[in-house]
Amino acid sequence: MTECGHDRASAVASSRGGRADRRRRGGALLPADRRAHRGRFAFEEFTLGAGIVGARPHVHAGHDEYFYVLDGELTLHNGDGEVTVGPGHLLSAVRGTPHGFRNAGTGTVRALCLYTPAGYEGYFREVHAAVAAGAEVTDELLAEFRSRYRTASH
C-alpha cells in the first residue's frame, strides 16, 4: 500500500497520508461524463446500502478508477486482501490491478467514483438500462457489458 499514486503493485491507497485503516469491516448519479471534460475523466456519485457488493473482482485494461469516500466506510478488495476507509479517503485501482468493492458495514456508504480516461461510465448506463428493462443481472450479462469497456471479471 502506498500514498495515492500509480503503483501497479497496489490497488489501494489512502490520500490521508500513510496507510489506510485495514479493519475488515445503490444507486448512482452520473454528473460528469466524457463529453463534459473532453474524455479526460468522468465521475459518478454512488451509494451502497449495508452489506451490498458494488462490484465483484474485475480488472480494467483501459482506465484507472478512483473512489473518494463521502460518508460511511467503503471496503475495496485488491487481489491480496481488503482495506476499509471512511470519509475523506481516496482509494485507487489502476489499470491491470484486480479489485472489487463493497459495503461491509451496517450503515450506508456514499462515495464518488472517478474514471480516467472517461468511457467506463457507459458500462453503468448499460447495466442500469438492462435492469430497467427487466433483465436478470447475471455474471454472464455483466461479463458481456464489461468486455465492451476493456474490463474482465477476475
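Trainee: Before we start, what does partly exposed mean here?
Mentor: It sits between two cut-offs: buried is under 20% relative accessible area, exposed is over 50%. Keep in mind that this is a predicted model.

Trainee: Okay. Gly72, then: buried, exposed or partly exposed?
Mentor: Partly exposed, because its relative accessible area is 30%, which lies between those cut-offs.

Trainee: Where is Gly72 found?
Mentor: In the loop between β6 and β7.

Trainee: And what is Gly72 in contact with, leaving aside neighbours within four places in sequence?
Mentor: Val85, Gly86, Pro87, Thr108 and Val109. Take Val109: Gly72 is 37 residues from it in sequence, yet the C-alpha atoms are 4.4 Å apart.

Trainee: Zooming out. How many helices and strands in the protein chain?
Mentor: Two helices and twelve strands. The order from the N terminus is β-β-β-β-β-β-β-β-β-β-β-α-α-β.

Trainee: What share of the chain is buried?
Mentor: 42% of its 154 residues. The accessible surface is about 7800 Å², with 51% belonging to carbon and sulfur atoms.

Trainee: What about the largest nonpolar core? Which residues have the most contacts inside it?
Mentor: Phe46, Phe67, Leu74, Leu91, Phe101 and Tyr123, in a core of 25 residues.

Trainee: Which elements each supply at least two residues of this core?
Mentor: The strands are β4, β6, β7, β8 and β11. Both α1 (121-132) and α2 (139-147) do as well.

Trainee: Pick Phe67. What does Phe67 touch?
Mentor: Beyond four places in sequence, its partners include Phe46, Leu74, Leu91 and Phe101. His89, His99 and Cys113 are also among them.

Conventions:
Residues numbered from 1 in each chain as written. Predicted model: local features only at pLDDT ≥ 70, side-chain atom pairs only at ≥ 80, totals over all residues. Heavy atoms only, no water. Core = buried A, V, L, I, M, F, W, Y, C linked by side-chain atoms within 4.5 Å. Buried < 20%, exposed > 50% of the residue type's maximum accessible area, 1.4 Å probe, protein only. Helix = DSSP H or I, 4+ residues; strand = E, 2+ residues; numbered from the N terminus. Contact = heavy atoms within 4.5 Å. Areas by Shrake-Rupley, 256 points an atom, 1.4 Å probe, with all protein chains shown as cover.
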